[in-house]
Each structure stands twice: as structure tokens, then as C-alpha cells.
Amino acid sequence: MDSSTFLLIFFLFLSISTSFSQRPKALVSQVTKDPSTHQYLTKLSQRTPLVSLNLVLDLGGQYIWVDCDKNYVSSTYRPARCRSAECSLAKSITCGNCSSAPRPGCNTDTCGEFPENPFKRLSTVGELATDVVSISSTDGSIAGPVATDPHFLFSCAPTFLLQDLASGVVGMIGLGRTKIAPPEQLAAAFSLQRKFAICLSSTTGALFYGGGPYMVLPGFDLSQSLTYTPLLINPVSTALTFVQGEKSVEYFIGVKSIKVDNKVLNVDQSLLTIDSKGNGGTKISTINPYTLLESSIYKAVFDAFSAGLMSSIKRVKQVPPFALCLDPTSVPIIETGPLVPSIDLVLQSEKEIWTFLGAQSMVTVNGALCLGLLDAGKNPRTSIVIGGPQLENNLLEFDLARSRLGFRSVVFPTTCATFNFTT
């Protein structure tokens with residue numbers, strides 16, 4: 001057991017309590033998609049008295065951060081003191097004082113973190129603290145009673161870090177590979193499995209902590225039919241602020257080849273692997289509104305997709321930023337969405353294939369049906385970034401204990417929007 005794991009268990013052993021007579025089997029929160037920013041949002045109750053917070057979901061973020069400058073009132077807020085177990089658990093590298101009057105986010109002898117806004121590529125120093133957090137339990141089929149952690153670690157941030165976030169949002173919830181991200185804190189606090197899962201859609205979806213079942217419909221458990229592939233570690237941090245030698249906390253997978261219409265594309269294999277400088281490879285991101293492909297990969301996919309369209313499908317004028325748009329009245333619709341060529345990411349073997357069906361590869365913009373993939377340029381940090389509609393109506397389970405991703409499509413006979421949040 002490494003020192004950070006020991007600290008997490010020790011810290012939570014001292015602090016944990018719940019509103020349960022028994023510990024929950026899993027936890028769940030609803031996810032919505034903001035139509036103006038395309039950001040995925042979820043709610044979390046925090047503070048005393050409890051306040052429902054709107055937070056932007058960042059799959060690769062390091063922890064929860066919230067605006068403490070504006071309207072943060074709580075009788076249970078506690079700053080993390082320098083050299084404390086909390087600071088060690090968070091691997092904090094800063095310790096300082098605040099010259100203003102004491103308040104949440106401004107105290108003396110406290111350690112700090114570097115909360116980030118990836119949309120604006122902003123990072124700043126924020127006070128590390130604990131406060132009460134409550135979240136709904138679940139049996140996998142319905143949201144249940146609330147479970148409460150009275151000493152949940154998070155970072156404060158100044159109001160300016162909210163730039164370009166959706167209206168009404170007060171921070172971000174990072175789910176990356178750190179000991180103070182919610183998946184690890186909640187797993188330790190409630191003795192849950194070290195797993196979390198997202199099931200996103202263009203309207204509503206769900207964020208699960210603790211593993212399945214995932215019952216989007218009665219009797220239809222998605223956890224029983226997942227395909228698994230290893231989660232890879234990028235050896236170089238992708239954070240805006242980091243210490244030399246730190247690894248990335250984002251989630252990467254290994255793509256071996258790409259198929260369009262069941263035909264293997266000719267792409268530069270070196271782009272599909274992560275090199276020693278942290279470049280290349282494939283990551284999953286809730287920050288990018290659409291999937292990004294390095295230019296040569298994009299051209300190969302674009303050309304093969306275009307060639308595979310049925311001759312009866314009519315093309316229409318481009319709708320920026322999309323290069324290929326179709327007349328929706330000429331595209332047949334089947335159970336899995338528009339009838340267009342499938343796009344397959346072949347992972348570790350031919351048995352591990354992540355397929356973008358028509359419902360996931362195509363987006364509707366200004367009355368046109370467009371291929372929802374974008375050219376990331378010639379030298380992006382990451383060659384393939386899976387985001388936006390290509391994540392939607394897929395159940396993605398991140399098994400932290402076994403470092404693997406479980407995935408399956410959820411476009412028929414149900415979608416990610418059908419989970420029952422009525423308690």
C-alpha cells in the first residue's frame with residue numbers, strides 16, 4: 001500500500017459518516033447537456049446548510065473546485081492546514097497565508113491546489129479545504145436516499161475562473177486519476193468499488209460511482225454486456241500546471257487501427273501511440289464538444305466515409321466547423337440512427353471495437369446532417385480525442401482498480417436519457 005492510499009483510508013476512517021443506517025451500494029447524479037456551450041453539467045449538494053451546486057463535468061480533471069469568492073457560506077467549511085494529512089493526500093506543493101479577513105478560500109497556514117478552467121486554459125492557486133458533500137445513493141435502477149460525507153476535500157477558486165462556463169455554474173467536477181477526485185474519495189468513504197461510469201446524451205444522462213448494475217430500463221443491466229480494454233497512462237502530465245515528472249491523470253486508451261465501413265484505413269501508426277514526451281495516442285474527454293482527429297487521420301476517415309455514402313444521399317453546403325454535411329431528408333433512418341458508414345476504433349484486438357454508429361457520428365446543425373468529427377491540425381498533443389456526440393449514448397465504466405475501460409453502445413432499445421432519477 002503506497003503512502004497516499006494509506007492517508008486516504010486513514011483520513012476517511014476518522015471523518016466518515018452517512019445519512020444511512022447502512023452504507024450505499026453505489027451513488028448516482030444526473031448529468032445534463034447545456035445547449036449553448038455543449039458542456040456536460042451535474043449537481044452536487046455541499047455545505048451546511050446544504051446548497052445544490054451546478055458543476056461542469058471534466059472527465060480528466062483532478063478534483064472538484066468551486067468559486068469560494070461569491071456566496072460561499074457554510075458552518076462546516078474547514079481549510080486544510082499546511083503539513084496536514086489532507087495536504088499530503090492532495091500532493092499539495094504550496095503553503096501560504098491570506099492577508100485579507102478569514103473566509104472560505106482565504107485563510108492562514110493553508111495548503112493549496114491549482115484549479116484549472118480547460119475551456120479558457122486558465123489556472124490559478126486555490127485553497128484546499130473540506131466541507132459536507134451529499135449525493136444520492138442508487139441500487140442501479142433508481143435514485144435513492146442521500147449519503148453524506150462530512151469532510152470531502154475540494155479546492156476553492158476565484159470567480160474569474162468561471163469564464164466561459166455555462167450559465168449558473170459555480171465550478172467543475174474532475175474525475176481524473178487522483179486521490180482527491182470524487183471516484184477515489186467516495187469509494188473510500190462508502191466502501192464502494194473503485195469504479196465510476198458515465199452515460200451521456202444530448203439531453204440528460206447519469207454519473208455513477210461504485211459500479212453496476214446500470215439499469216437504464218427495468219431488467220436491462222448494461223454492466224452485463226460491456227467490452228473491456230486497458231486504460232493507458234500518459235507518462236507526461238497534460239495539466240496546465242504540474243510538477244516535472246508527473247504523469248497525466250486523464251484517461252487514455254490504445255487504438256491499434258481505424259475502420260470505416262469495415263475497411264481498415266492506412267494511417268501513420270506512430271500517431272496512435274503515446275511517445276516518451278506524452279504526444280500522440282487517444283484520450284476520452286468531456287471537454288471537447290466533438291471528436292478531434294490529427295489531420296492525416298481526419299483526411300483518411302473523411303475520404304473513406306464520403307466514399308461509403310449511398311449514392312442516393314444528397315450533400316449540402318458545409319456548415320462550419322463541419323466539412324461534410326448532408327440533406328437529412330435523403331438519409332435513411334434506422335434503429336441506430338442515420339444509415340451512414342460505421343466508424344470503428346479497433347483497440348487491443350478485433351474483439352475490442354468501439355463503433356461510432358450513425359446516431360453518434362452525425363450531428364444536426366442548421367437543418368443539415370453533418371459528420372461530427374473535426375480536424376485537429378498537423379501536430380496536436382493528442383492524435384485522437386474522443387468527445388461530444390461520440391461519447392453520447394455509450395455506457396463508459398472506468399475501473400480504477402483494474403485500470404480498464406468497459407464500454408457498450410446504448411442507442412437501441414434504450415438511451416442514456418432513460419435512467420430513473422425519481423426517488
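These are legends for a set of close-up views of a predicted model.

**View 1. The whole chain, before zooming in.** The protein chain carries five helices and 34 strands. Its radius of gyration is 22 Å, close to the 22 Å that the globule rule gives for 423 residues, so the chain is as compact as a globular protein of that length. Along the principal axes, the C-alpha trace spans about 70 × 45 × 40 Å. Of the 423 residues, 55% count as buried. If you take the contacts with a separation of 6 or more, 69% of them come from residues 24 or more positions apart.

**View 2. A four-stranded open sheet.** Here the strand order is β23-β24-β30-β29, and the pairing is antiparallel. Strands β23 (315-316) and β29 (362-365) sit at the edges with a single partner strand each, so one side of each has no neighbour in the sheet. Start at the β23 end: two bridges tie this strand to β24 (residues 325-326), and Arg315 has Leu326 as its bridge partner. Moving on, β24 is joined to β30 by another antiparallel pairing with two bridges, where Cys325 is partnered by Cys370. Then come β30 and β29, paired over four bridges.

View 3. Which way do the side chains of β30 (residues 368-371) point? Ala368 and Cys370 go one way, Leu369 and Leu371 go the other, and all are buried.

**View 4. Asn107, a polar residue tucked into a loop.** Asn107 belongs to the loop between β6 (94-96) and β7 (110-113). Is Asn107 buried or exposed? With 13% relative accessibility, under the 20% cut-off, Asn107 counts as buried. Its side chain reaches the backbone oxygen of Arg103 at 2.9 Å. Leaving aside residues up to four places away in sequence, the contacts of Asn107 include Tyr77, Pro79, Arg81, Cys98 and Glu127.

**View 5. Helix α3, mostly covered.** How many of the nine residues of α3 (residues 182-190) are buried? The count is eight, and among them are Pro182, Glu184, Gln185, Leu186 and Phe190. Just after the helix, Ser191 takes a positive phi of about 55°.

**View 6. Tyr209 and the nonpolar cores.** The largest nonpolar core has 72 residues, and Tyr209, Trp354 and Phe398 are the ones with the most contacts inside it. Helix α4 (residues 295-308) provides the largest share of this core, five residues. Apart from it there is a second core of 20 residues, which includes Leu89, Leu128, Leu153 and Met172. Back at Tyr209, residues it touches beyond four places in sequence include Ala26, Leu27, Ile135, Ile173, Leu192 and Phe196. Tyr209 also touches Pro182, Pro183 and Leu186, which are buried residues of α3. As a general rule, nonpolar side chains in soluble globular proteins tend to be buried together.

Notes: Residues are numbered from 1 along each chain as its sequence is written. This is a predicted model: local features need pLDDT of at least 70, side-chain atom pairs count only at pLDDT 80 or more; totals for chains, interfaces and linings use all residues. Side-chain values use heavy atoms; hydrogens and water are left out. Two strands pair if DSSP finds at least two bridges between them. Buried means under 20% relative accessible area, exposed over 50%, partly exposed in between (1.4 Å probe, protein chains only). A polar contact is a pair of N or O atoms within 3.5 Å; within protein, one must be able to donate a hydrogen and the other to accept it, and residues adjacent in sequence count only if both atoms are side-chain atoms. Contact means heavy atoms within 4.5 Å. A nonpolar core is a set of buried Ala, Val, Leu, Ile, Met, Phe, Trp, Tyr and Cys residues joined through side-chain atoms within 4.5 Å. The radius of gyration is taken over C-alpha atoms; the globule rule is 2.2 Å times the number of residues to the power 0.38.
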